[in-house]
Amino acid sequence: MADNESASTDLGIWSIDTQAPAKPAVSSASSDTGSSSGTSSGISDRITSDDTITITGHTEPKATIRVYDKATGVYVLVGRTKADDDGYYSVTTISLEDGDHPLSITSADVAGNESAYLFIGLWRIDTTPPNKP
């Protein structure tokens, strides 16, 4: 057996990231297409005829944002996007069926660590037009 040994290879500096990021911040969620009667000024009642919801906010740069619907009792992924280099994001859900949708959002860093769920409200989708008088 020969005592040949190759030159060492510089593998650089490695960083182990096992820490989940903070929950993402939500700046806005749309769209509340109806009137928000019975709510405080500027507060949405989260009843809409638009079957998609767009959420914007801020999180860790380049993180993956995921939106989940728990209408069936389990978390179902209904939207996903990547935050930009400054951490800003905008994500629109897939088309949601008429009914109530408890939506939550998470942020996953580039290492794959996912934050805890942030509940962003119970949204009611109602695309059925009212009956004619």
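Predicted model: local features only at pLDDT ≥ 70, side-chain atom pairs only at ≥ 80, totals over all residues.

Q: What stands opposite Ile65 in E7?
A: The residue facing Ile65 there is Ser107.

Q: And how many bridges are there between E7 and E8?
A: There are 7 bridges between E7 and E8, and the pairing is again in the antiparallel sense. Within that pairing, Pro102 has Leu122 of E8 as its bridge partner.

Q: Is E7 largely enclosed or open, and why?
A: E7 is largely enclosed by the rest of the structure, because 7 of its 10 residues are buried.

Q: Okay, which residues touch the most other members in the largest nonpolar core?
A: That core has 14 residues, and the ones touching the most other members are Ile53, Ile55, Val67, Tyr89, Val91, Leu103 and Ile105. At least two core residues come from each of strand E4 (64-69), strand E6 (88-92), strand E7 (99-108) and strand E8 (118-125), and E8 gives the largest share, with 3 residues. As background, nonpolar side chains tend to be buried together in soluble globular proteins.

Q: Pick out Leu103 for me; what does it touch?
A: If residues up to four places away in sequence are not counted, Leu103 touches Ile53, Tyr68, Asp69, Val78, Leu118, Phe119, Ile120, Gly121 and Trp123.

Q: Asp69 is on that list, so where does it lie, and is it buried or exposed?
A: Asp69 lies in strand E4, and with a relative accessible area of 8% it is buried, since the cut-off for that label is under 20%. A polar atom of the Asp69 side chain lies 2.9 Å from the backbone nitrogen of Ala71.

Q: What else is Asp69 in contact with?
A: Leaving aside neighbours within four places in sequence, Asp69 is in contact with Val74, Tyr75, Val76, Val78, Leu96, His101, Pro102 and Leu103. Asp69 and Leu122 are 53 residues apart along the chain, and their C-alpha atoms are separated by 9.5 Å.

Q: Switching topic, how many aromatic pairs does the structure hold?
A: It holds 3 aromatic pairs. One of them joins Tyr68 and Tyr75 edge-to-face, at 6.0 Å centre to centre and with 80° between the planes. Tyr68 is buried, with a relative accessible area of 10%, whereas Tyr75 is partly exposed at 34%.

Q: What about Tyr68 and Tyr117, how are their rings placed?
A: Their ring centres are 5.3 Å apart and the planes meet at 75°, so the pair is edge-to-face. Tyr68 in strand E4 and Tyr117 in the loop between E7 and E8 are 49 residues apart, and the pair thus links distant parts of the chain. Tyr117 counts as partly exposed, at 36% relative accessibility. Through such ring pairs, Tyr68, Tyr75 and Tyr117 are linked into a cluster.

Q: Now the open sheet of 3 strands, what is its order?
A: The order is E1-E3-E6, with antiparallel pairing. From one strand to the next the twist averages 15°.

Q: And what joins E3 to E6?
A: E3 and E6 run antiparallel and are joined by 5 bridges, and His58 stands opposite Tyr88 in E6.

Q: Last one, where is the place of Thr59?
A: Thr59 is in the loop between strand E3 (54-58) and E4.

Q: Buried or exposed, that Thr59?
A: Thr59 is buried, with a relative accessible area of 7%. Its side chain makes a polar contact of 2.6 Å with the side chain of Ser107, and Ser107 is also the residue of E7 that Ile65 stands opposite.

Q: Which other residues is Thr59 in contact with?
A: Setting aside its neighbours within four places in sequence, the contacts of Thr59 are with Pro24, Ile65, Ala83, Asp86, Gly87, Tyr89 and Ser107.

Technical notes. Residues numbered from 1 in each chain as written. Heavy atoms only, no water. Core = buried A, V, L, I, M, F, W, Y, C linked by side-chain atoms within 4.5 Å. Buried < 20%, exposed > 50% of the residue type's maximum accessible area, 1.4 Å probe, protein only. Helix = DSSP H or I, 4+ residues; strand = E, 2+ residues; numbered from the N terminus. Contact = heavy atoms within 4.5 Å. Polar contact = N/O pair within 3.5 Å; in protein donor to acceptor, adjacent residues only side chain to side chain. Pairing = 2+ DSSP bridges. Phe/Tyr/Trp six-rings, centres within 6.5 Å; stacked < 30°, edge-to-face > 60°. Axes fitted to C-alpha atoms, helices over the stretch in contact; angles between N-to-C directions.
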